[in-house]
Amino acid sequence: MDRRRKELWRRCRSLADGVALPEPFDAESFIADLAAERGRPLELMQVSVPSSGPCGLLMSTERADYILYPANTTALHRRHILLHEVGHLLCGHVGSDAGADGIVLDAAAGKTLMPNLSPELVRRVLGRTSYSAVEEQEAELLASLLAHRVARTAVRGAARPDESDLAGGMARVDDLFGSRKRRLP
């Protein structure tokens, strides 16, 4: 591992070790605790997103930080989106005009994702909604380290996945790759 990667891992491990996670993991409790610790409101916003849209989005305003996530995804994916966007917050990422994926949200997309926010506010924060490749790696690694801790505590607590969540996840796999049920000739 080169020096840069080692430093990335060291920084993310240190940040992850400093995060208190509720046991069992509960997104609302986690966000409330994190907001209290930071002394700044942090809100989760479920939004309708087209399949070609972003999976998650962190928006910071003068008043609060918002984590937007799609309504049409599984609980497991929602948790990862939440942890990834929290990773951006904990790392102090402020974003730039274009991210590694090349996606830049315009005002129309912002209004679709955030219909309750004024167009002026949406325009002000859109420039801070994408990150460099290094920032994305950092947020993703931090999210993975936190998710690993959540999974370990779930196993210790013998928590089982909700059957409806598993069924929903399999339905999405079927949509992407075709049905698992094959008819024999």
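Predicted model: local features only at pLDDT ≥ 70, side-chain atom pairs only at ≥ 80, totals over all residues.
Helix α6 covers residues 133-156. Its 24 residues should span 34 Å at 1.5 Å a residue, and the end C-alpha atoms are 35 Å apart, which agrees. The buried residues of α6 are E135, E138, A139, L141, L142, A143, L145, L146, A147, V150 and T153. These buried residues pack against two helices, α1 (3-17) and α3 (75-91).

Helix α3 has 17 residues. From its first C-alpha to its last, α3 reaches 24 Å, close to the 24 Å expected at 1.5 Å a residue. The buried residues of α3 are I81, L82, L83, H84, E85, V86, G87, H88, L89 and C91. Their packing partners include helices α1, α2 (27-38) and α6. Strands β1 (42-47), β2 (57-60) and β3 are also contacted by the buried residues of α3. Just after α3 comes G92, with a positive phi of about 75 degrees.

Helix α1 also contains R5. R5 is exposed, because its relative accessible area is 53% and the cut-off for exposed is over 50%. Along the chain, R5 and E138 are 133 residues apart. E138 is among the buried residues of α6.

The cysteines were examined next. A disulfide is a covalent bond between the sulfur atoms of two cysteines. The count of disulfides in the model is 0. C12 is in no disulfide, and the nearest cysteine sulfur, that of C91, is 5.2 Å away. C12 is buried, with a relative accessible area of 0%. C91 is listed among the buried residues of α3. C55, by contrast, is partly exposed, at a relative accessible area of 44%.

Rolling a probe the size of a water molecule over the atoms shows where empty space is left. The count comes to 1 cavity of 30 Å³ or more. The largest cavity has a volume of about 30 Å³. It is lined by 10 residues, and V47, V49, P54, G56 and L68 are the closest to its centre. Strand β3 (residues 65-70) gives the largest share of the lining, 3 residues. By class, the lining has 9 nonpolar residues, 1 polar residue and no charged residues.

How values were computed: Residues numbered from 1 in each chain as written. Heavy atoms only, no water. 1 Å grid on protein atoms, 1.4 Å probe; cavity = no way out; pocket = protein on both sides within 12 Å on 5 of 7 lines; lining within 4 Å. Points joined across faces, edges and corners; volume = space filled by probe spheres on them. Helix = DSSP H or I, 4+ residues; strand = E, 2+ residues; numbered from the N terminus. Nonpolar A, V, L, I, M, F, W, Y, C, P; charged D, E, K, R; others polar. Expected span 1.5 Å × (residues − 1). Buried < 20%, exposed > 50% of the residue type's maximum accessible area, 1.4 Å probe, protein only. Contact = heavy atoms within 4.5 Å. Disulfide = S-S within 2.5 Å.
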